[in-house]
Amino acid sequence: MSKFWKWFWGLVLVVPLAAFAIWAIWDNTKLFFITLLNGLTLSSLYFIVASGFTLVFGLMRNVNLAHGSLYLLGGYTGYFVAEATGYFVLALAAGFLAAALVGLAMQVSIFRFMPGQDLRQTMVTIGLSIIIADLLIWGIGATVHQMSAPDWLAGPLRDLPVITAYSKYRMALLPLGILIGVLLWLFLNRTRVGMMIRAGVDDRAMLAATGVNVNMVFAVTFAIGAGLAGFGGVIGAVELSMVPGEDVRLLLASLIVVIVGGMGSVTGAGVGAIILGTAETYGLAYAPTYSVVFTFVILVLVLAFRPRGILGRPA
Amino acid sequence: MSTAAWRNAINAGAGRLAMGKVVVAPLQEAKPRAIQNPVRLHHVVVLAALLVFPWVASPFVTFQIGAQSLALGLIALSLTFLGGYGGMISLAQMTVAGIAGYMVGIFGTSGTAEISLGWPWWLGVALALAIATLAGAFIGWLSVRTEGIYTIMITLAVGVAFYYLCLQNYSVFNVFQGFQQVHPPKLFGINWRDPLPFYHLVLFWSLAGYFFVKYLLRAPFGIALQGIRDNPRRMNALGFHVTAHRVAAYAVAGFIAAVGGVLLVWYNGLITPNSAGTSWLINILIIAVLGGMRHPMGPFIGAIVFVLLQTFAIDLIDRERFNLVIGGVFLAIVLFSPDGLLGLWAALQARFTRRSGFSTPIGGIR
């Protein structure tokens, strides 16, 4: 694409958005900024869940459609642990561990026996997602489970400029999302296992040829990816709520984040999560009955101009 | 050499060629005999059974099991066509069917008089088919931009997005209520909603779809599509426009799904967001995989098994646990017989006839 067209399309995108922002700030400053914060905190949750999805996909070409079920599983585990012990941090750890263990079991017992069969693995995850979702309904019921924020994060943060007050818990999600992102970056770029994972994303066969136990790397990646879904589940249990159907919602979010951001790229997941989270929240705030249309339009635009996602690279 | 003879020669050659390779062409092409003598005993038996069935079975069975399986089978057939022969597993086929169903409700008559336009049924159905086919082609255009495993993600995302749109939108899709009382028209003095006429209506369109797909697979378009499935780069080098072929395949599949969707909305008498919800998107995949994606017969077999399970799982176990049963069956099929029930049948046949040098083919999903 020539420089002119890049500028042209950039303007086509930016001008209406800027016009909307100016109008919205002029119309109702408080609403605009609260929506912005809501969008960013939702993005944070989306990023945490979707980064696990993209990690697994990037390395194993395994579209884990049971990712939403793992999210729900982690959320329920966190809920019950928090109820039993009263410690939110324990709930986070339990959610992560529960989902990671299930993910590990899936990898060790099923996926390692069908290497390279992307489509079949994906179908297996569909079957598993149906079964896990139904087992959760069977065991826990279809009622709404709402977890409350821990005491030190309960209540609003007061005396803020413009928006006056905002939920402490939601505010805390912003640094948490950034922290998870930084930790993931450090893990992938500064540790030996991370190096192996990155090498595996680029060329699995070559990685195996250098003597690395690829199955081990796969198992670790799958556990971390699934664990991130469970971790997100505990966060979502407070921010949203746990009810059958949320698994599909988070799966859709992960899919779109990863498609928009670029598949297999953790940074891309961050970009995609911010785009999706803010678009969805602004849609809900300003055009409630068409909000999902914005999501869809973003998906179409990205696929039309960058089929591999914003930060995607050829597989 | 006439065109037909030439085509047969090509097909026979394609069948022989495919036998030697790991990627095996669909069953009927592996057996040139079927082409020379198209009508065989089991065809007659199946057709007779389909025609006799409604006169023997109770109206409940005719309608609930017969008509429903055929309508679902028709939608799953569109996925088999795309997935088994085009190598593109689209989860959005039920979305296309749902769009057709919604359009019938919007353009025709329904219980929601404020939204329904009340146009004549033929106009409504024609518009529904056209719009759904366009939507199918559009989804195809979106998803063929990326390849293989990405297709399943993009089509799932599109399908779920449509579900949420229907759920949120008042003015066109009437939120969670959707459209009630969407019935087939009364024509020639027959109430097409009665079990017997409706069964025959669905049977007619299912057979039409089945033979249309069978014909298409032998036509140059179908052959090229299978070539693209097996090796897109080579087909590209041969001068085929791979993307255009794929989008065209999506349009064809979209049309088949749309016909199935219109029949399904008439069968249910209503359409709601859940009709095109995630579980139904996946159910269509389950039906197609259950039957086997290597023959156009597969989706219908899968649909019969699915509907029987759905109807009678209540007697076997708790009604609420149907998803567990169907999920388990699906998992077992994917794990142990990727070619579905047809593949299982072929494997059994191969075992008993003990044909040497012919290992069980692993086509279809891989």
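**Confidence first**

Colour chain A by pLDDT: the average is 84, and 98% of the residues score at least 70. This is a predicted model, with an ipTM of 0.78 and a pTM of 0.80. Still in chain A, select helix α4, residues 88-109, where confidence is highest, at a mean of 90. Then pick strand β1, residues 156-160, where chain A has its lowest confidence, at a mean of 73.

Switch to chain B. Its mean pLDDT is 78, and 83% of its residues reach 70 or more.

**Chain B as a whole**

Show chain B as a cartoon. It has 16 helices and 2 strands. Of its 366 residues, 49% count as buried. Now consider contacts in chain B with a separation of 6 or more: 73% of them join residues 24 or more positions apart.

Buried or partly exposed? V325(B) is partly exposed, because 18 other C-beta atoms lie within 10 Å, while a buried residue needs 20 or more. Draw a C-alpha to C-alpha distance from V325(B) to Y267(B): 24 Å, for a sequence gap of 58 residues.

**The interface**

Bring both chains into view. 34 residues of chain A are in contact with 35 residues of chain B. Which helices of chain A supply at least two residues each to this side? They include α5 (118-140), α10 (246-261) and α12 (291-305). Select α5(A): it gives the largest share of the side of chain A that touches chain B, 13 residues. Colour that side by class and you get 23 nonpolar, 6 polar and 5 charged residues.

**Helix α12 of chain A**

Stay with α12(A) and check its length. With 15 residues at 1.5 Å a residue, the helix should span 21 Å; its end C-alpha atoms are 22 Å apart, which agrees. Show side chains for S291(A), V292(A), T295(A), L299(A), V302(A) and L303(A): these are buried. Look down the helix axis. The buried residues fall within an arc of 120 degrees, so they line one face of α12(A). Turn to the face pointing away from the buried side, and pick out the exposed residues A304(A) and F305(A).

What covers the buried residues? From chain A, the cover includes α10 and α11 (266-286). From chain B, it includes α7 (121-143) and α8 (149-168).

**The nonpolar core**

Next, the largest nonpolar core, with 196 residues. V49(A) and A157(B) touch the most other members. Helix α12 of chain B, residues 242-268, provides the largest share of this core, 16 residues.

Centre on V49(A). Leave aside neighbours within four places in sequence, and its contacts are Y71(A), L228(A), A229(A), G232(A), L250(A), A253(A) and S254(A).

Step across to A253(A), in helix α10 of chain A. It counts as buried because it has 29 C-beta neighbours inside 10 Å. Not counting residues up to four places away in sequence, A253(A) touches Y46(A), V49(A), A50(A) and L276(A).

**Last stop: T54(A)**

Select T54(A), in helix α2, residues 29-60 of chain A. Why is T54(A) classed as buried? It has 28 C-beta neighbours inside 10 Å, and 20 or more is the cut-off for burial. Show its partners, not counting residues up to four places away in sequence: V258(A), M263(A), G264(A), S265(A), V266(A), G268(A) and A269(A). Finish with one more distance. The C-alpha atoms of T54(A) and V248(A) are separated by 17 Å, and the two residues are 194 residues apart along the chain.

Definitions and conventions: Residues numbered from 1 in each chain as written. Chains lettered and ligands numbered in written order. Predicted model: local features only at pLDDT ≥ 70, side-chain atom pairs only at ≥ 80, totals over all residues. pLDDT = per-residue confidence, 0-100. Helix = DSSP H or I, 4+ residues; strand = E, 2+ residues; numbered from the N terminus. Contact = placed C-beta atoms within 7 Å. Nonpolar A, V, L, I, M, F, W, Y, C, P; charged D, E, K, R; others polar. Core = buried A, V, L, I, M, F, W, Y, C linked by C-beta atoms within 7 Å. Buried ≥ 20, exposed ≤ 12 C-beta atoms within 10 Å, placed from the backbone. Expected span 1.5 Å × (residues − 1). Arc of directions from axis to C-beta.
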